[in-house]
Amino acid sequence: MILNVQRHVHDAVTDALRRQFGLAEVPPFAIEVPPSRALGDLAVAVAFQLARTLRKAPRAIAGDLAAALTDLPGVARVVAAPNGYLNLYLERRPFVAARARGEVAWDPQPAEKTIVEHTAINPNKAAHVGHLRNAALGDTLVRVLRLRGTPVEVQNYIDDTGVQVADVIVGFRELEHLSLTDVQRIADSTRFDYYCWDLYSRVTEWYDGNATRLAVRASALHDLERGGNETAAMGAFIVDRIVRAHLKTMARLNIAYDLLTYEGDILRLQFWAHAFGILKDQGAVFLQTDGRHQGCWVMRIEEGGLGAPEPGEPEEESREKVIVRSNGVVTYVGKDIANQFWKFGFLGRDFHYRRFAAQATGHPLWATTSTDGEPGAPPFGHACRIYNVIDSRQMYLQALLSQALRTLGHAKEAENSVHFSYEMVALSHATARELGYPPAEGDDAKKPFVEVSGRKGLGVKVDDLLDLLATKASAEVSKRNAELSVEESERVAAQIATAAIRYFMLKFSRGKLIVFDMEEALSFEGETGPYLQYAVVRANNIFRKLEDRDGLVEADVLSGLDELPDDELRSGDGEPDAHDLWALVFEAARLDDIVEQTIRALEFSILAKYAFGLAQLFNAFYHRYPILNEDDAARKRWRAAGVAYFRQQLTQALDLMGIAVPTRM
RNA sequence: GCGCCCGUAGCUCAGCGGAUAGAGCACCCGCCUCCUAAGCGGGGGGCCGCCGGUUCAAUUCCGGCCGGGCGCACCA
């Protein structure tokens, strides 16, 4: 809740520059936050930028500006620092009082309908930590956008007709010789997503044993795509069960969706045929009659795109991407283009929809279907902006999507097709060893990490990780809070587990490969989700006790702040590392600025680090300044007001990261 | 070969061109008659990979190297 102040300071400085120096054009400049409160609350470095054009020393410019900036509402004083910075100190009392009372609201942003697609796990096995990063980033993006008033539709793409599902079908059939009813029985009596996890890796080994077995897969895949046969029926069953397992896992992490988009529906409803028609009409794809891609429909890749020429091959060919194979089967790229067209609403066709499940959010989850749609579905699709949350390995394919849109004259949509890209999650050697995998050999041993592989069954399952965290949290909770009921204690443990894992997934910037290490992820100390929760729990405890002991509720604390002596707002001034009330409130106020930065950079580590820093500031304040035991009534009230604002802001920040605040810890 | 990402403390990572380069972990020292020690305070530890360029100012921007990762299928 600092952006409004920054804006009016910016305007005032611009105005002062015009008046003082007769500048018609004021160069763009930023309102910064100085490294410590002793230097001021806001700072402007514009004097450096103007030194040359004005032929004047930065310090002198800053001095003139300071003199011109009188009577700025909300600003107590303006100081020209010796180095040329212009530093501003805010009026503290009204700043604190208004914010603690919640009188400074979020700016509504102009909003256009946005689709965020994330998770999109192949529905043939349990979710692992690699999938987790995707879902955590995607869900956080959704939360941040929604806070700013953007209407967001969350889609989860289900590849129900792909190779991975076919492989599990092959496993049930060829390795276990089971029928659909057998599989159904297994699903009802086992942890089915775990069962398929193991089966999938066994199938991979089976293929490796004899290459001719791949023909079985090809045939299964063909049946799966065509539908109306037993293979497809078994596939539909497996997919449904696994998708429900994924949703359950994600619900543990406070992740929900609006729509499941099934690839099978894209095929059955001829979305691809329509998209293909459009692409052909516009000349975006053509039938290659020669060379390596003979008989394929290909798309020309733009200059600077992908493609490595094979030795001796003309460069032309490497600049083509196959969209339809010579056997007439469309590739993933083609299906994705059709899906993207639909999301923007210019495919000219729509899905039918069915209610799929209830969710903890209260919003029903819908799924696409090819027939028998239910009434009451919201108007899905027709977005102005699309974020596809997919790891960086699929960069080229995402670039092709934009290219296809551009070729068809949809420049704006191409621009608004955002590949929200992030680096993958790998495993540390130590964690791979703990999971029982043999030490890597050869070149793999030299790598600093082990790659997660669903095919090999090598990975940490999300539910296992959550269970481990919850068990550990449960022990810690009951150790400290013997009076809690078993149910409450378990609820808190689950919240702590979710916090630990979600914070862990967000604290790294998205361009950084995460080498997942179990020991590190299980930590509750230092820069972790539980540390952040703990800070808010402490703040909440203060208010609980304030009510128990003094009969004061938050509203009592916040009323009458305007008349109270405000010495407390200057405590700690002049000290180099201020852990005082003003520093805490000021930092808490920066959340809106941080959210803006986060969206601009699509970088949630900014939000995560900010929340952590704010919690640190509070913990330091907490240790230094008593509240319940403070004798001076005015100081006590101001401190409590600061704590009220802090918990309001950090709770909000945690909510953006999908982290709840437990009742006790 | 081409494209993208990464290179900052022993380890894992932050650092929207600006004020003494920070945090967590690990290590050492201190703090529970005091609102929960999942905490707090203090300490040691840095050619910000290397070389150039732009700039009043470069860890930050640009170029070139070096090292590591990932892509560049009629897989998804």
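Predicted model: local features only at pLDDT ≥ 70, side-chain atom pairs only at ≥ 80, totals over all residues.
Residues are numbered from 1 along each chain as its sequence is written, chains are lettered from A and ligands numbered from 1 in the order in which they are written, and side-chain values use heavy atoms, with hydrogens and water left out.

Chain A is divided into domain 1 (3–90), domain 2 (430–521) and domain 3 (529–656), with bounds that come from an automatic or database domain assignment. Taken over C-alpha atoms, the centres of domain 1 and domain 2 are 48 Å apart.

We turn next to the RNA. RNA strand B is surrounded by 67 residues, the closest being Arg-52, Arg-325, Arg-480, Ser-509 and Tyr-622; a residue is near the strand if one of its heavy atoms lies within 4 Å of it. Of the atoms of RNA strand B that come within 4 Å of the protein, 64% belong to sugar and phosphate. By class, this surface holds 33 nonpolar, 16 polar and 18 charged residues (Ala, Val, Leu, Ile, Met, Phe, Trp, Tyr, Cys and Pro count as nonpolar, Asp, Glu, Lys and Arg as charged, and the others, Gly among them, as polar).

An N or O atom in the side chain of His-293 is 3.0 Å from a phosphate oxygen of RNA strand B. The elements that give two or more residues to the surface near RNA strand B are α2 (46–54), α15 (395–407), α19 (462–480), α22 (529–550) and α26 (604–624), and α26 gives the most, with 7 residues. Helices (H or I, at least four residues) and strands (E, at least two) are DSSP runs, numbered from the N terminus.

Glu-176 lies in the loop between α6 (163–175) and α7 (180–189). Ile-386, by contrast, is found in strand β13 (residues 385–391), and counts as buried because its relative accessibility is 0%, buried meaning under 20% relative accessible area (1.4 Å probe, protein chains only). Leaving aside residues up to four places away in sequence, Ile-386 touches Ile-115, Gln-340, Lys-343, Phe-344, Asn-416, Ser-417 and Val-418, where contact means heavy atoms within 4.5 Å.

Technical notes
Polar contact = N/O pair within 3.5 Å; in protein donor to acceptor, adjacent residues only side chain to side chain. Buried < 20%, exposed > 50% of the residue type's maximum accessible area, 1.4 Å probe, protein only.
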